[in-house]
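This report walks through selected contacts and backbone features, taken one group at a time. Please look over the sequence and the model first, and keep them at hand while reading.

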Amino acid sequence: SGGREAGRAKETIRKSGSDSKNKKEKATMQFATKNQMKPKAFVSGGVRAQTLRQARRAQRKAPQLQARQICCAAEAKTAEAKTYMATYSEKKAVATGLEEYEKVPMNTFTPKKPLEAEIVSVERIVGPEATGETCHIVIKTDGNIPFIEGQSYGIIPPGTKVNNAGKEKPHAPRLYSIASSRYGDSYDGKTTSLCVRRATYWCPEKNAEDPAKKGVCSNFLCDAKPGDKVMMSGPVGASMILNEEDPNAVHIMVATGTGIAPYRSYWRRMFLEDTPFKFTGLAWLFMGVANSDATLYDDELNEILENYPDQFRVDYALSREQKNKDGGKMYIQDKMEEYADQLFDLLENGAIMYVCGLKGMMPGINGMLEKVATSKGKDWSEMQKDLKKKGQWHVEVY
């Protein structure tokens, strides 16, 4: 995937009695249709009344996902309990000593001096009708390669390759966004997780997959067994680090496919773990995949919606199941365009936007926001530069 094999919905309402029970019973439907955004959520988030009115208008007009489609996909993928799955009804205690970093950890291990780690589990996390295979991979590191949310690791596949000069050399590391918080899926800081899509190549001449052109590293990881050794470098990257300066901020997370990986590290830190970061804001996820079976971590997302229905929102763009306003395939930029004015106003009022995944979505996202800016007499390119300076604009695409 372009030299980088992708490894990548405010306030909690407390009600007693039947009201609370009924809300939880409706959570699955909310997940399938879109979590309702409460007025107070935006008011307490610092968004002005005009933006709130636009949010309500957009919510009423928004076309809804077919509940049956999403639920069927979820049922197919949760026939067996997922090892990564967590319950979000209460915060989880975590290991101590992982909050006080003087600076962002960077390149603790290098390609020439990598860390030897160990595979704990490899689990397929998509349904049978997904367009490819994606796995959640847990790796035991014993806490020797610390990181913070939003960073990436390098994985060095075994074996060698012949370079352009005819020399045989070890494979270069492939970068994967880390799909767990610093505490890992077991909350002890001893493991890390990756979200990896198996890269394959379909040869039209052979009418079959060509194993000679498959992704070396993604296939190594997806084929790995518990106990297998894996060589790691990093961590690297600062562009996608979770901005924790304002715990009451609105975080807009945009992903295609495995670009969802860093956001899993965010939502676990926001909603699952008992840490000094006490998140009171809104997290809004836009997720683009081909079909319902290709959605990633939807059972975990459903769990968050059930327990934090006013702090979390999910909007899907299913390119092979939905149509955009022009009758074409629904890509993630098309789904975002349905909320263009709202997203623009949120950014103007301090929201933080992250974009991770295929670079093909960027022209559509920038074009959408530029169109809104122009209608308001503003220069989007200058506004974007300002957002970057303020830490409100984070992009990692490939």
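## Terms and basis

A residue is called buried when its relative accessible area is under 20%, exposed when that area is over 50%, and partly exposed in between. The structure described here is a predicted model, and every value below was computed from that model.

## Salt bridges around Arg269

Side chains of opposite charge can pair when their charged atoms come close. Across the whole structure, a search finds 21 salt bridges. One of them joins Glu99 to Arg269, with the closest N and O atoms 2.7 Å apart. Because Glu99 sits in the loop between α5 (67-77) and β1 (115-124) while Arg269 belongs to helix α7 (residues 261-271), this pair ties together parts that are 170 residues apart in sequence. The two partners fall into separate accessibility classes: Glu99 has a relative accessible area of 22% and is therefore partly exposed, whereas Arg269, with a relative accessible area of 1%, is buried.

Arg269 also forms a salt bridge with Glu149, and here the closest N and O atoms are 3.8 Å apart. Since Arg269 lies in helix α7 and Glu149 in the loop between β2 (134-140) and β3 (152-156), the pair ties together parts that are 120 residues apart in sequence. Glu149 counts as buried, at 1% relative accessibility.

Another salt bridge is formed by Glu348 and Lys378, whose closest N and O atoms are 2.0 Å apart. Glu348 is located in helix α10 (residues 340-348) and Lys378 in the loop between α11 (362-375) and α12 (380-389), so that this pair ties together parts that are 30 residues apart in sequence. Glu348 is partly exposed, with a relative accessible area of 27%, and Lys378 is likewise partly exposed, with a relative accessible area of 38%.

Salt bridges that share partners also join several residues into one network, namely Glu99, Glu149, Arg182, Glu244 and Arg269.

## Aromatic pairs

The structure holds 16 aromatic pairs. Tyr84 lies in the loop between α5 and β1, and Tyr297 in the loop between β12 (282-289) and α8 (298-307), so the pair ties together parts that are 213 residues apart in sequence. Tyr84 counts as buried at 2% relative accessibility, and Tyr297 is buried with a relative accessible area of 0%.

Phe271 and Phe312 form an aromatic pair that is edge-to-face, with 5.7 Å centre to centre and 70 degrees between the planes. This pair links distant parts of the chain, as Phe271 is in helix α7 and Phe312 in strand β13 (residues 312-318), 41 residues apart. Phe271 is buried, with a relative accessible area of 0%, and Phe312 is also buried, with a relative accessible area of 0%. Elsewhere, Arg313 lies over the face of Tyr339, at 4.8 Å from the ring centre.

## Helix packing

Helices α7 and α8 pack with their axes 12 Å apart, at an angle of about 30 degrees. That angle makes α7 roughly parallel to α8, and α7 passes α8 in a left-handed crossing.

The axes of α10 and α12 come within 11 Å and cross at roughly 50 degrees. These two helices, α10 and α12, are therefore oblique to each other, and α10 passes α12 in a left-handed crossing.

## Backbone features

Gly234 and Pro235 are joined by a cis peptide bond, for which omega is about 0 degrees. Pro235 has its place in strand β10 (residues 229-236).

Asn107, although it is not a glycine, has a positive phi of about 55 degrees. Asn107 is found in the loop between α5 and β1, and it counts as partly exposed at 43% relative accessibility. Asp142 is not a glycine either, yet has a positive phi of about 55 degrees. Asp142 is found in the loop between β2 and β3, where, at 39% relative accessibility, Asp142 counts as partly exposed.

Note on methods:
Residues are numbered from 1 along each chain as its sequence is written. This is a predicted model: local features need pLDDT of at least 70, side-chain atom pairs count only at pLDDT 80 or more; totals for chains, interfaces and linings use all residues. Side-chain values use heavy atoms; hydrogens and water are left out. A salt bridge is a side-chain nitrogen of Lys or Arg within 4 Å of a carboxyl oxygen of Asp or Glu. Helices (H or I, at least four residues) and strands (E, at least two) are DSSP runs, numbered from the N terminus. Buried means under 20% relative accessible area, exposed over 50%, partly exposed in between (1.4 Å probe, protein chains only). Rings of Phe, Tyr and Trp (its six-membered ring) pair if their centres lie within 6.5 Å; planes under 30 degrees apart count as stacked, over 60 as edge-to-face and the rest as tilted. A charge sits over a ring if NZ of Lys or CZ of Arg is within 6 Å of the ring centre and within 35 degrees of the ring normal. Axes are lines fitted to C-alpha atoms, for helices over the stretch in contact, and angles run from 0 to 180 degrees between N-to-C directions. Angles under 35 degrees count as roughly parallel, over 145 as roughly antiparallel, 65 to 115 as roughly perpendicular and the rest as oblique. A crossing is left-handed if the near helix is turned anticlockwise from the far one by less than a right angle, and right-handed if clockwise.
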